[in-house]
Amino acid sequence: MSDTLHSIRPWRQIDRRKSRQIMVGNVPVGGDAPITVQTMTNTLTTDVAGTIAQVQAAADAGADIVRISVPDEASSKALKDIVAEVTVPIVADIHFHYRRGIEAAEAGAACLRINPGNIGDTARVREVIAAARDHGCSIRIGVNAGSLEKHLLDKYGEPCPDAMIESGLDHIRILEDNDFRNYKISCKASDVFMAAAAYQGLAEQTDAPIHLGITEAGGLVSGTIKSAIGLGNLLWMGIGDTIRVSLSADPVEEVKVGYEILKSLGLRHRGVNIISCPSCARQGFDVIKTVEKLERRLEHIRTPMSLSIIGCVVNGPGEALMTDVGFTGGGNGSGMVYLAGKQNHKLSNDQMVDHIVEQVEARAAAIETGTAQAAE
């Protein structure tokens, strides 16, 4: 699409919070790096083959970073085999047992996620910091409303944004007192209001990269909605350098939702962004079934581009002006195909899906080779 159609309008501009950049393996997080998308495996870590398969599926879906739980020594040993076989950086999720953090660093984890509320005393944290430094690991300080330190619960009476912020800042102090700055931080809650307030407060008090998430958000539908509200508002404010959507669902679904949230705000682009109407009695073809088919058929496209599928001429032509490929329903069993925002040719409905897939693939190829704009 031309620069005119792709230009950022003033009312769409998001000014990202200034954060310093760290590395999670070979992936930059923070600074001017793209906002990364994460997920977490739900296999038993000791099931090496199953975990590798799940990591690879997440990577194929677009995950930049994948987290794996390391609850016991057997998992630490399995982690070494997993890291050796995957292509994305692995974050080791550590709770309760500080030695698992040390073992994970030795096993090749790119990052250690430690929870201030349950990792142990300062001396144990220092040992984890030393292991991270020795093995080139970053650290994520993972504050969670559900596992705050006892003294903070005693002080504030219940989990709240101020308690979460204090927990995070206390742990930042420990890392920096040990001359360790290769860290990012999160302050998650299942309550959208609490999480948003905690993140806003934390963003004002540190330049560390921020990992966004609404923890334990729920199932695919409810969790997606909660995450879109919570993460979407924070991202819109410019807060957030890496995100994980926590769903009771396949990790691949978390990745898809994460990308859709970023795509909706123009913060990250990957694959086909389908703009489609909910359909009504005016539709010239079955919009819902068509979109379902196209979503499946176009999953392999990674080139950022847009596709409008609109059932009638009320909004169809206008939407098509803003997309790479468009189809607008008409009458007599046919509709209009738009390419690069311009009317191109009519097409019968029964040929629609195959033809649109062909047009999208051709457009993606042209974009990748740099010939698309020249052809317009």
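This is a predicted model: local features need pLDDT of at least 70, side-chain atom pairs count only at pLDDT 80 or more; totals for chains, interfaces and linings use all residues.
The chain is divided into two parts, domain 1 (16–265) and domain 2 (272–369). Their C-alpha centres lie 38 Å apart. Contact between them takes 4 residues from domain 1 and 4 residues from domain 2. About 260 Å² is buried between domain 1 and domain 2, with 24% of it on carbon and sulfur atoms. On the side of domain 1, Asp60, Lys256 and Lys263 supply 88% of the area buried against domain 2, more than any other three residues.

Across this interface, 1 salt bridge is found. Lysine 256 forms a salt bridge with glutamate 299, and the closest N and O atoms of the pair are 3.2 Å apart. The interface also holds 3 residue pairs in polar contact. Helix H10 (residues 251–264) contributes 3 residues to the side of domain 1 that touches domain 2, the largest share.

An open sheet is formed by 5 strands in the order E11-E12-E13-E14-E15, and its pairing is mixed. Strand E11 (272–276) and strand E15 (342–348) stand at the edges; each has a single partner strand, so one side of each is left without a neighbour in the sheet. Neighbouring strands are turned by 20 degrees against each other on average, direction ignored.

Within the sheet, strand E12 (residues 305–310) and strand E13 (residues 325–329) run parallel and are joined by 4 bridges. Isoleucine 310 has threonine 328 in E13 as its bridge partner. Helix H13 (residues 352–369) packs on the sheet and touches E11, E12, E13, strand E14 (334–339) and E15. The direction of H13 makes about 160 degrees with that of E12. Helix H11 (residues 287–297) lies across E11 and E12, at about 155 degrees to E12.

Key:
Residues are numbered from 1 along each chain as its sequence is written. Side-chain values use heavy atoms; hydrogens and water are left out. Two strands pair if DSSP finds at least two bridges between them. Helices (H or I, at least four residues) and strands (E, at least two) are DSSP runs, numbered from the N terminus. Axes are lines fitted to C-alpha atoms, for helices over the stretch in contact, and angles run from 0 to 180 degrees between N-to-C directions. Contact means heavy atoms within 4.5 Å. Domain bounds come from an automatic or database domain assignment. Buried area is the accessible area (1.4 Å probe) that two parts lose on being put together, summed over both. A salt bridge is a side-chain nitrogen of Lys or Arg within 4 Å of a carboxyl oxygen of Asp or Glu. A polar contact is a pair of N or O atoms within 3.5 Å; within protein, one must be able to donate a hydrogen and the other to accept it, and residues adjacent in sequence count only if both atoms are side-chain atoms.
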